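Subject: Structure handover

Hello,

Please find below the structure you are taking over. My notes on it come after.

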2 protein chains.
Amino acid sequence: MSLLSMLFGNKPKTAAVAKERLQLIIAHERDGASAVNFLPQLQRELIEVISKYVKVNPDDIRVSLEKQDRYEVLEVKIELPEKG
Amino acid sequence: MSLLSMLFGNKPKTAAVAKERLQLIIAHERDGASAVNFLPQLQRELIEVISKYVKVNPDDIRVSLEKQDRYEVLEVKIELPEKG
């Protein structure tokens, strides 16, 4: 279950940290020849789709893009609003 | 850079393994009260969006859903067709 702890970290399970979170990771491995970068635009569309399922506050979205050699990893973290 | 190696593994970089791959991970952390499971439907829509950007052969999509306590992780691996 190491991917899970990688994604969310090993946090203590207390009521204080009981938040609902959604994390989206898109990893693209490509050969050197292909240089098309569609991830940022893809990301916008994916967030639109996610917004249909859960209430998303744009302020609660953290996006990071990481590049290394043939890899490009886009990570989107969304804190979902607590239900009243 | 451990997330990268986690996602794709540490494979030798030879021409023989030079494939283009796209990997999508959606991780949902929720409190016990919320029992809505929208990930499978969300997954279908996300693949539709991705198909607009890259040619995806349905046979080349591998989906796995992993559940544990308050976590649900949907993983979609797509092998992209080689360009002729």
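Predicted model: local features only at pLDDT ≥ 70, side-chain atom pairs only at ≥ 80, totals over all residues.

Residues are numbered from 1 along each chain as its sequence is written, chains are lettered from A and ligands numbered from 1 in the order in which they are written, and side-chain values use heavy atoms, with hydrogens and water left out.

Salt bridges

Over all chains, the structure holds eight salt bridges. The term stands for a side-chain nitrogen of Lys or Arg within 4 Å of a carboxyl oxygen of Asp or Glu.

One of them joins the side chains of Glu29(A) and Arg21(B), with an N to O distance of 2.6 Å. This pair crosses between chains: Glu29(A) belongs to strand E1 (residues 20–29) of chain A, and Arg21(B) to strand E1 of chain B. Strands (E, at least two residues) and helices (H or I, at least four) are DSSP runs, numbered from the N terminus. Glu29(A) is buried, at a relative accessible area of 4%. Here buried means under 20% relative accessible area, exposed over 50%, and partly exposed in between, for a 1.4 Å probe and protein chains only.

In chain B, the side chains of Arg70(B) and Glu29(B) form another salt bridge, 2.7 Å from N to O. Arg70(B) sits in the loop between strand E2 (61–68) and strand E3 (71–80) of chain B, whereas Glu29(B) is in strand E1 of that chain, so the pair ties together parts 41 residues apart in sequence. Both residues, Arg70(B) and Glu29(B), are buried. They also belong to a network of salt bridges that links Arg21(A), Glu29(B) and Arg70(B).

Lys67(A) and Glu72(A) make a salt bridge too, their closest N and O atoms being 3.5 Å apart. Lys67(A) is exposed at 52% relative accessibility, while Glu72(A) is buried at 1%.

Two loop residues

Asp69(A) is in the loop between strand E2 (61–68) and strand E3 (71–80) of chain A. Its phi is near 50°, a positive value in a residue other than glycine. Asp69(A) is exposed, with a relative accessible area of 62%.

Lys19(B) lies in the loop between helix H1 (2–8) and strand E1 (20–29) of chain B. Its relative accessibility of 36% makes Lys19(B) partly exposed.

Regards
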